[in-house]
Amino acid sequence: MEEAVRYLLHDHLYQHIVIICLCVGGMLFAMLVDLIFGVKKARLLGQATTSRGYKKTCEKGKKYFTPFAVLMCIDLIASVILPAPFFSMLWSAYCLFCEFKSVREKSWTKAELRKAERTMNIVIENKEDIAKLVAELVLGETKKLKQ
């Protein structure tokens with residue numbers, strides 16, 4: 001019996017912990033790569049790198065590691081019957097995929113999205129002026145047709 005407990009604790013649980021640590025390291029490395037490329041993209045677009053942008057990385061870390069901590073606990077509890085920490089590995093694979101997609105985003109696509117957002121804000125702010133202009137154009141055309 002003592003030998004079975006020793007095997008469980010030393011070999012099996014040790015293997016789980018090593019795999020979980022590798023998952024954490026992979027997620028941290030992917031977040032670092034995304035941060036570096038995000039700063040490069042911002043500089044390429046001429047945008048200032050502010051603390052607000054850096055805080056996004058911290059928020060992303062919270063979103064990634066909070067569920068990961070729960071899944072890690074589930075994996076450690078289930079290590080008695082599961083051969084590997086599957087839940088932690090699946091979550092870290094998902095997070096790595098998200099970071100990969102984030103790094104692969106084109107900087108010009110982000111610039112176009114920001115430009116479209118600014119345009120829509122201007123349209124929303126000046127909707128009365130635009131409505132008057134459209135009304136004048138429509139009414140002006142109908143007056144010309146009647147004459």
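Lys63 is found in helix H2, where helices (H or I, at least four residues) and strands (E, at least two) are DSSP runs that are numbered from the N terminus. The structure is a predicted model, in which local features need pLDDT of at least 70 and side-chain atom pairs count only at pLDDT 80 or more, while totals for chains, interfaces and linings use all residues. Residues are numbered from 1 along each chain as its sequence is written, and side-chain values use heavy atoms, with hydrogens and water left out. Lys63 counts as exposed because its relative accessibility is 59%, given that buried means under 20% relative accessible area, exposed over 50%, and partly exposed in between (1.4 Å probe, protein chains only). Although Lys63 and Cys95 are 32 residues apart in sequence, their C-alpha atoms are 9.7 Å apart in space.

The protein chain contains 5 helices and 0 strands, and its pattern, read along the sequence, is α-α-α-α-α. Of its 147 residues, 18% count as buried.

The structure holds 3 salt bridges, a salt bridge being a side-chain nitrogen of Lys or Arg within 4 Å of a carboxyl oxygen of Asp or Glu. Side chains of opposite charge can pair when their charged atoms come close. Asp34 counts as buried because its relative accessibility is 12%, whereas Lys60, at 22%, counts as partly exposed. The side chains of Glu99 and Lys60 also meet in a salt bridge, at 3.2 Å, N to O; Glu99 lies in helix H3 (residues 86-104) and Lys60 in helix H2, so the pair ties together parts that are 39 residues apart in sequence. Glu99 is buried, with a relative accessible area of 2%.

A positive patch is formed by Arg52, Lys56, Arg114, Lys115 and Arg118, and the elements that give two or more residues to it are helix H2 (51-77) and helix H4 (107-125). Helix H4 gives the most to this positive patch, with 3 residues. Lys56 has its place in helix H2 and, at 54% relative accessibility, counts as exposed. A nonpolar patch is formed by Phe29, Leu32, Ile36 and Phe37, which together have about 390 Å² of accessible area, computed by the Shrake-Rupley method with a 1.4 Å probe, for which only the protein chains shown count as cover for residues. Ile36 is found in helix H1 (residues 2-44) and counts as partly exposed, at 41% relative accessibility.

With a disulfide taken as a pair of cysteine sulfur atoms within 2.5 Å, the count comes to 0 disulfides. Cys21 is in no disulfide, and the nearest cysteine sulfur, that of Cys23, is 9.2 Å away.

Conventions:
Patch = residues over 30% accessible without salt bridge, like charges linked within 9 Å, V, L, I, M, F, W, Y side chains within 5 Å. Lys, Arg positive; Asp, Glu negative; His and termini not counted. Charge placed at Lys NZ, Arg CZ, Asp CG, Glu CD.
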